[in-house]
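Open the model in your viewer and keep the selection tool at hand. The tour goes from stop to stop.

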Amino acid sequence: MTETAVTPEPFVPPTRFAVPGRIAVSNRAAAVWQTATLTEIRRETPHAATFRFAVPGWAGHLPGQHLMLRLIAQDGYLAQRHYSIASPPDDAGHIELTLDHVEGGEVSGWFHTVARPGDEVEVRGPLSGFFAWPGDRPALLIGAGSGVVPLMSMVRHHRARGLDVPLRLLVSARGPRELIYAEEYGEETTRVFTRSAPEGVPVGRVSAAHVAPLLAEAPPGGWEAYVCGSNGFAEHTSRLLVAAGQPVDRIRIERFG
């Protein structure tokens, strides 16, 4: 008898919306395009940089939300992209975006090769409440590459407000040089390197050996898990979480690619 291999269906946790919690965000304001003036560019890795904008009319956001950014060329050509917000809500009048330089990318290419402080773009937001974390429940954050951007907004919010609610971050990068926000991580963070690592640090993708201990130390009531990264990373990590005992309906995923 010939056996046929069965490919498992992709793991897709059900969607449900986050409760805004203690940070008020205006849906009406989110529908209005605003001028954002670039004030600072900070290099994070050889291929990623943080762009800081002054947006005087910004109505605030929840950690984990994103915005729509619009570029209009002199000839009228228009390009729009969604980007996660890296800054915490308390950074009044300013927002920060951390962008990878995507090969052939119109908008990311402009930011990394043309943009200078003083340049203006248009932004609208904040958008989406599903991936938001207002700081009112224990959070387990897992990200890879630039997927750490919305998670860093949560970490910064946790620190800025001095929250005592438990928070843990598991972040994956190809190597130390590709680790975005490398200088900001503290005791809450577990680092995983997939291609190169400091001497004595094992190399490999996120595994059950990384996830299981975090689930084992879950506070009473458990974690709200937030996963952000590529499609493959999101599916792989979600399966690890479920296998370690994380309820499916308490996994929120934001994926790209």
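Select strand E7 (residues 139–144) and E8: six bridges join them, and they run parallel. Strands here are DSSP runs of E with at least two residues, and helices are runs of H or I with at least four, numbered from the N terminus. Two strands count as paired if DSSP finds at least two bridges between them. Click Gly143; Val171 in E8 stands opposite.

Before moving on, note the ground rules. This is a predicted model, in which local features need pLDDT of at least 70 and side-chain atom pairs count only at pLDDT 80 or more, while totals for chains, interfaces and linings use all residues. Residues are numbered from 1 along each chain as its sequence is written, and side-chain values use heavy atoms, with hydrogens and water left out.

With E7 and E8, H3 makes a right-handed β-α-β unit. Right-handed means that, with the strands pointing away from the viewer, the path from the first strand over the helix to the second runs clockwise.

Stay on strand E8 (residues 167–173). Six of its seven residues are buried, so E8 is largely enclosed by the rest of the structure. Buried means under 20% relative accessible area, exposed over 50%, and partly exposed in between (1.4 Å probe, protein chains only).

Next, select strand E9 (residues 189–193). E9 pairs with E8 in the parallel sense over five bridges.

Six strands form an open, antiparallel sheet in the order E4-E3-E6-E1-E2-E5. Its edges are strand E4 (78–84) and strand E5 (94–100), each pairing on one side only. Neighbouring strands are turned by 40° against each other on average, direction ignored.

Select helix H2 (residues 106–113). H2 packs on this sheet, touching E1, strand E2 (48–54), strand E3 (66–72), E4, E5 and E6, and its direction makes about 80° with that of E4. Angles run from 0 to 180 degrees between N-to-C directions of axes, which are lines fitted to C-alpha atoms, for helices over the stretch in contact. Contact means heavy atoms within 4.5 Å. Which residues of H2 are buried? Show Val107, Ser108, Gly109, Phe111 and His112.

Inside the sheet, find strand E1 (residues 34–45) and strand E6 (residues 120–127), antiparallel and joined by four bridges. Ala36 has Val121 in E6 as its bridge partner.

Finally, colour by pLDDT, the predictor's confidence in each residue from 0 to 100. The chain averages 90, and 89% of the residues score at least 70. Over residues 1–23 pLDDT stays under 50.
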